[in-house]
Amino acid sequence: MESDPITAVKCQEHSEAPQKLLRSSSCSLQWMWFCSSDLDLHTGSVCVVLHQKEFLTESGPASLPAEDISTNSNGPKQDSLFDDDPEDLFAEATEEVSLDSPEREVLLSDGPSPAITPITPPTSVITPCIGHDDMFTHSSFDEIEEEEVDDSFDMNISVSDPEKVGDGMNAYMAYKVTIKTSISLFKREEFSVRRRFSDFLGLHSKLASKYLHIGFIVPPAPEKSIVGMTKVKVGKEDQSSNEFVEKRRSALERYLMRTVKHPVLLKDPDVLQFLESSDLPRAVSTQALSSAGLLRMVNKAAEAVNKMTIKMNESDAWFEEKQQHFENLDVQLRKLHASVESLVCHRKELSVNTAQFAKSAAMLGNSEDHTALSRALSQLAEVEEKIDQLHQDQANADFYVFSELLGDYVRLITAVKGVFDHRMKTWQKWQDTQMLLQKKREAEAKLQFTNKPDKLQQAKDEIQELEGKVQQGEREFEQISKTIRKEVSRFEKERVKDFKTIIIKYLESLVQTQQQLIKYWDAFLPEAKAIS
Amino acid sequence: MEEVQEGASAPSVHGHNIKVTEVVIDGDTLTFLIVSQKLSGTGEYHVYRIYEDLEWLQHHLFSQEDVPGIQGVIFPPIPAKPQVNASAKVMKQLGFLGLGEWQPYCKALESFLRQVASHSVLKKSKAVEIFLTSADPPGRQRVRKNIFNRLSQAVGEMRKEGHKDVDEFFQAARDQNLIITGCTKSATERFLDVVLTEQKIAVACGHFSAALHLCVEAGEDPDKQAFSSICVKLSEVFESIKKNMMSTAENNVSTLGLGLDLESRYQEAEKEMLFRRTCKLAELETARRNAEKAKPVKKAAMEEVKKAAETEFNHICGVAKQEIARYEAARVQMLQQALVQWCEKQLLTARESADQFDQCLQGFRGMA
């Protein structure tokens with residue numbers, strides 16, 4: 001074919017090729033793209049007829065599920081937003097779809113694109129059709145409200161049995177995900193699937209692209225780690241790589257639990273597919289929309305937005321207060337997190353020192369002439385060894401229980417802040433549309449006095465279209481505000497539950513450690529008394 | 001400056017319950033208050049002493065040349081010199097004794113004075129009486145270092161350390177001392193590391209506890225209040241953990257820590273005694289050789305020297321054997337006491353902490 005369809009596509013508003021093109025798989029005529037000139041996320045449709053130049057026009061609802069396709073085969077890479085992250089280059093997930101790949105044609109066709117894991121649209125929230133203005137009907141959200149009231153959440157997910165699959169740099173860890181539930185949504189009460197890390201990332205990227213920009217706090221996926229994963233791939237079986245796998249396993253478990261506890265996310269077809277289907281299509285392009293990548297994208301967009309000084313007329317004090325509150329919470333949580341990491345470090349040191357003392361006590365016992373004293377010293381060495389083990393267990397508790405919890409919340413807060421930023425962008429979009437309408441009206445007024453009936457009609461048509469968009473912009477803004485209020489309230493409730501559960505677990509471990517210590521000392525005392 | 005007469009009777013105070021009750025810090029100087037009970041039962045002596053006074057005492061104990069076999073005595077070791085705002089090097093030297101607000105140091109000082117005042121030979125020194133009872137400070141001129149101090153470091157003397165012994169008992173004692181001194185020193189240092197890390201953890205817990213208070217949020221919102229309440233309670237938990245750590249560390253120092261420290265220093269003292277005897281042995285063997293090889297003109301003089309050396313050496317061996325036996329019994333008892341006390345204190349702390357943590361746990365479980 002002569003001309004490249006994708007680079008031939010242009011954004012109507014800016015008359016230039018888009019930076020990043022994302023396409024909805026549920027509705028193949030819907031696209032989202034970034035324009036370099038305003039760094040904003042646009043949505044719209046394109047009538048695609050292969051081989052022809054077409055334009056991307058702003059239209060339709062802003063929030064259809066989307067997928068990432070990068071425009072990178074011609075010339076140098078344009079996606080500056082993603083390249084400065086070295087991590088993405090080494091991601092476990094595979095490469096982005098290149099223009100030369102055979103998948104491209106499938107992408108551009110009207111049908112669904114199975115080669116790229118299709119995002120199934122959320123059934124209760126979105127009706128996939130262009131120009132359907134009532135996407136967010138009040139009724140569908142009210143349904144969700146009712147279900148949220150039900151407090152008894154009977155579902156437990158465990159991630160276990162990490163198993164290395166394959167060799168060398170293509171190797172990966174597969175985890176067993178076991179679900180136990182009595183929720184009627186699921187066909188069985190207990191079932192399990194095998195998933196790898198990129199599957200989780202893929203799930204998160206889908207959820208993020210569907211829900212973040214309409215105000216839902218999507219739990220962030222666990223961070224990637226080049227170093228950690230490379231060690232595992234290379235087959236280094238030492239304590240640090242075991243610790244890494246365990247840390248990851250635990251993080252994946254917490255991630256899934258947080259996700260399914262969200263009443264809207266639980267019902268999402270992608271979540272259901274993730275949990276139930278034995279064969280999950282391999283997630284591609286997760287590097288582009290990884291948790292970190294996506295949040296970076298959100299943050300960069302937010303920064304750009306702020307640089308353009310969005311002076312939002314905040315009519316709602318609640319949002320101003322909450323935003324400040326989350327800024328503060330972010331700072332405090334990071335402090336706490338740093339504090340706990342320091343504590344974990346010292347505990348590990350204590351364990352090392354105790355072990356060394358145990359060794360030297362043993363040597364002392366061996367060199368000692370006096371029989372009873374010698375025996376007592378050897379016993380002392382044994383007690384200290386056992387105490388060392390207790391210290392290690394305590395260090396693990398400090399780490400896995402507290403440090404990771406705090407880390408999770410620091411990441412969650414980032415997602416919360418992103419959601420607030422999206423609201424501002426939604427507001428901005430609404431305002432922009434309003435201003436555009438105003439301009440068109442003024443232009444129309446002028447045209448009234450000229451004898452150009454065609455142009456007048458065109459102007460009237462445009463005005464009508466814009467009026468519709470303004471209304472929709474306002475609705476979207478109201479909707480996202482409403483969603484965020486609910487989400488924040490939910491976050492604060494969950495936070496209390498989360499912390500309480502974790503603290504109880506921690507205290508239980510503390511009590512157990514002390515009781516174990518008591519046993520050891522009790523056993524040693526007669527030995528010490530028996531010396532002479 | 002007081003005249004010190006040797007050979008006097010034992011001190012007029014009880015030796016076993018001397019106390020160091022207070023330490024006063026004035027600028028760079030540490031002054032210790034030493035309290036001893038009169039033998040007559042009519043009251044107490046309160047004296048203020050500084051470190052230099054200890055050195056004075058030790059010097060006089062060392063210089064009792066007319067006490068036969070004095071070199072065979074295992075001299076109770078004095079602690080290292082304390083320093084206000086000590087440098088890292090001094091802190092390392094002090095070890096356990098540099099911790100806290102000098103309480104471990106005072107205990108070590110107490111130990112020393114009790115050992116000296118109860119020692120069958122040493123207690124007879126007038127210097128002991130003066131040190132413990134005189135209201136005025138004993139003479140504080142700079143004491144000259146004599147051969148009793150830092151013997152093993154004297155160049156040329158070092159090679160005598162390996163000098164083969166004529167007596168199996170003493171050879172065995174020297175070998176055993178060499179091995180166990182190294183082990184004890186190592187164990188003491190490692191135990192100190194444990195204590196220092198425990199203290200670090202206590203500090204970190206304190207920080208975490210304080211940081212939690214910053215998370216308390218004002219407001220009527222029930223979820224906010226619930227979260228604030230959690231933060232406050234958790235802060236209390238970490239305060240408890242901090243107390244537990246501090247208590248554990250303190251128990252370690254006051255019992256086993258001090259015990260290992262004393263044992264370590266006493267083993268060095270035994271080592272020095274054995275070395276003195278070895279030097280005397282070498283001297284004696286030289287004197288014997290000289291007497292044999294001496295030309296008739298010098299023969300009588302050499303024989304005199306030889307006889308003197310023999311007598312002295314035999315005295316030393318006699319005293320040394322007694323000292324070693326006494327020391328062996330005393331150290332086992334001391335270590336046993338340290339281990340038992342250590343275990344009992346840690347047991348008590350563990351029980352208290354278990355109770356406290358359990359209470360916190362119930363508190364959290366009971367939260368709505």
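## A helical span in chain A

In this predicted model, the end C-alpha atoms of residues 456–483 of chain A lie 40 Å apart, and the span is 100% helix and 0% strand, where helices (H or I, at least four residues) and strands (E, at least two) are DSSP runs numbered from the N terminus. An unreviewed UniProt entry places the feature "coiled-coil region" at residues 456–483 of chain A, although such annotations may be inferred rather than shown by experiment.

## Where the chains meet

In chain B, 62 residues are in contact (heavy atoms within 4.5 Å) with 58 residues of chain A. Between them the two chains bury about 5400 Å², 74% of it on carbon and sulfur atoms; buried area is the accessible area (1.4 Å probe) that two parts lose on being put together, summed over both.

One salt bridge joins A:Asp522 to B:Arg351, with the closest N and O atoms 3.3 Å apart.

On the side of chain B that touches chain A, the elements giving two or more residues are helix H5 (168–213), helix H6 (222–293) and helix H7 (296–365) of chain B. Of these, H7(B) gives the most, with 22 residues.

## How to read the values

Residues are numbered from 1 along each chain as its sequence is written, and chains are lettered from A in the order in which they are written. Local features need pLDDT of at least 70, side-chain atom pairs count only at pLDDT 80 or more, and totals for chains, interfaces and linings use all residues, while side-chain values use heavy atoms, with hydrogens and water left out.

Definitions and conventions
A salt bridge is a side-chain nitrogen of Lys or Arg within 4 Å of a carboxyl oxygen of Asp or Glu.
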